[in-house]
Amino acid sequence: MRQEEDSDLVRQCLDGNQKAFEELVDRYQKPVFNLALRFTTDREDAEDITQTVFVKTFEKLDTFDPKYKFFSWLYKIAVNESINFLNRKRDFDRFDETLHSGKREEETVGDPEMTLAINNALLELKPDYRILVILNHFQELSYREIAYILDLHENTVKSRLFSARRVLRRVLMKKGITNA
Amino acid sequence: MLDKRTYDLLNQEMDGTNSPRDSKRVREILERNKAAREVYAELKKLSATLRNVPKVDPPRSLKLRILNSLPRPSAATPSFWDRLSDFVRIPVLRTAYTFVGGAVAGIVLFLAFSGTPPDSSGLAGTIGHSAEVSARVDLPEVSGSIRGQVVDGTIQVQGSLQSGREFTLRVLFPPADARFVRSTADQPSTLEVSPGQVLLAARNNLTTTLSFVSDHQTPTMTVQILVDGTTRFEQRLVFEPERQTDQSH
């Protein structure tokens, strides 16, 4: 149902109806923002990524294949943009500096200590693992959807996700989170 | 220590993707294997912990930012000029256009010569009339973002810029309207301050916040990026500190 509506909105966008794109932004800015936020743990970076994702989505709208879910396609762009963003940061050898400098604007909704601990634990995962945890646990996507988004075989998704959980479990236990 | 097959089965069980046969097998394993029970319990705790992390609402200004940064549509709909051209071709309206056009031209000329000449905003124009404004920098040599905001009466110009070469971030402002207070730059850079101008020369990437104080109600600043002494990027930041802009509805 939702997918048909999304496809319909895409069609309307391609016909020049910008309001339809506005509706897509309304629907998906929050999940995209949260994906980027979990990946970078920085609100400003997440805003920048979200903005770029929607601009790229708009520009590439005519390449969207309606046989796929729109949000999976959008997430694909969001994941690529987040990874590229991280790589750019790493290239400039800045990411780790800012990561541990305490200067970043961390998100503190809910239990701030818990959120911070989980953010830090996520950051201890390598990006390949982190994105899997985010897509599976925070975005609640299936193996198949994740496989499409990351261009991986479903079995690879499973195998990496389970390994990522093992590492994350260890990190969180070290921080005294999951065995509280 | 669990073998990989058992660990995978436990994960799949938690995800609800096991076949009925594998689920039965998991139940049997859990009955007789204490280590498996512990791992399974930990996996469930992990899942619950992550599930409890709340989703964060993006700022309400984000939608506006996104929509403002979309490229202009190149749709098949007729452009303004096409429509105007079609409209003008209607014979009975030509006389009316002559009068209306004359009146408009008169008003434009009057405004042009009667008031203060508008400030030239340079390459990219004004980007906002709110407490928070931002723009992307997408040059071949420098990329990133510029953000301006008013926090507790302090104007902050933040730059997060990546480059593989030397460049200069320059902020221009009317000296009577604002005063530079400090800079935070966590990379090697050279700061040069003079009335109405702050120059920050960076070797490659630059993350900085430049703070200013102003009594002016609508302070205007111009942010420039110079590469090899040439202005490659220019953006005006217009703030209205007292008004909270929210156009997300």
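Me: How many bridges join β6(B) to strand β9 of chain B?
Reply: This is a predicted model, in which local features need pLDDT of at least 70, side-chain atom pairs count only at pLDDT 80 or more, and totals for chains, interfaces and linings use all residues. Residues are numbered from 1 along each chain as its sequence is written, while chains are lettered from A and ligands numbered from 1 in the order in which they are written. β9(B) covers residues 206-214 and runs antiparallel to β6(B); strands (E, at least two residues) and helices (H or I, at least four) are DSSP runs numbered from the N terminus. The bridges joining β6(B) to β9(B) number 7.

Me: Which residue of β9(B) is the bridge partner of B:Phe180?
Reply: Strands count as paired if DSSP finds at least two bridges between them. β6(B) and β9(B) run antiparallel. In β9(B), the partner of B:Phe180 is B:Phe212.

Me: Which strands stand at the edges of the open sheet of chain B?
Reply: The sheet has 5 strands, paired antiparallel, in the order β2-β3-β4-β9-β6. Each edge strand has a single partner, so one side of each is left without a neighbour in the sheet. The edge strands are β2 (132-138) and β6 (178-185).

Me: By how many degrees are neighbouring strands of this sheet turned against each other on average?
Reply: Axes are lines fitted to C-alpha atoms, for helices over the stretch in contact, and angles run from 0 to 180 degrees between N-to-C directions. For this sheet, direction is ignored. The average is 15 degrees.

Me: Which residue in the turn between β7(B) and β8(B) has a positive phi?
Reply: β7(B), residues 189-194, runs antiparallel to β8(B), with 6 bridges between them. B:Ser194 has B:Gln197 as its bridge partner in β8(B). The hairpin leaves 2 residues between the strands. The one with a positive phi, about 80 degrees, is B:Gly196.

Me: Which residues form the covered face of β8(B)?
Reply: β5(B), residues 167-172, also runs antiparallel to β8(B), through 6 bridges. The uncovered face of β8(B) holds B:Gln197, B:Leu199 and B:Ala201. The covered face holds B:Val198, B:Leu200 and B:Ala202.

Me: How many residues has the largest nonpolar core?
Reply: A nonpolar core is a set of buried Ala, Val, Leu, Ile, Met, Phe, Trp, Tyr and Cys residues joined through C-beta atoms within 7 Å. Buried means 20 or more other C-beta atoms within 10 Å of a residue's own; exposed means 12 or fewer, and partly exposed lies in between, with C-beta atoms placed from the backbone. Helix α2 of chain A, residues 18-40, gives the most to this core, with 10 residues. The core has 55 residues.

Me: What share of chain A is buried?
Reply: Chain A has 9 helices and 0 strands. It has 180 residues. The buried share is 41%.

Me: Where in chain A does pLDDT stay under 50?
Reply: pLDDT is the predictor's confidence in each residue, from 0 to 100. Chain A averages 84, and 84% of its residues score at least 70. The stretch under 50 is residues 101-105.

Me: Which element gives the largest share of the side of chain B that touches chain A?
Reply: Contact means C-beta atoms, placed from the backbone, within 7 Å. By that rule, 37 residues of chain B are in contact with 36 residues of chain A. Elements giving two or more residues to the chain B side are α1 (4-15), α3 (34-51) and α4 (61-68) of chain B. The largest share, 8 residues, comes from α3(B).

Note on methods. Two residues are in contact if their C-beta atoms, placed from the backbone, lie within 7 Å.
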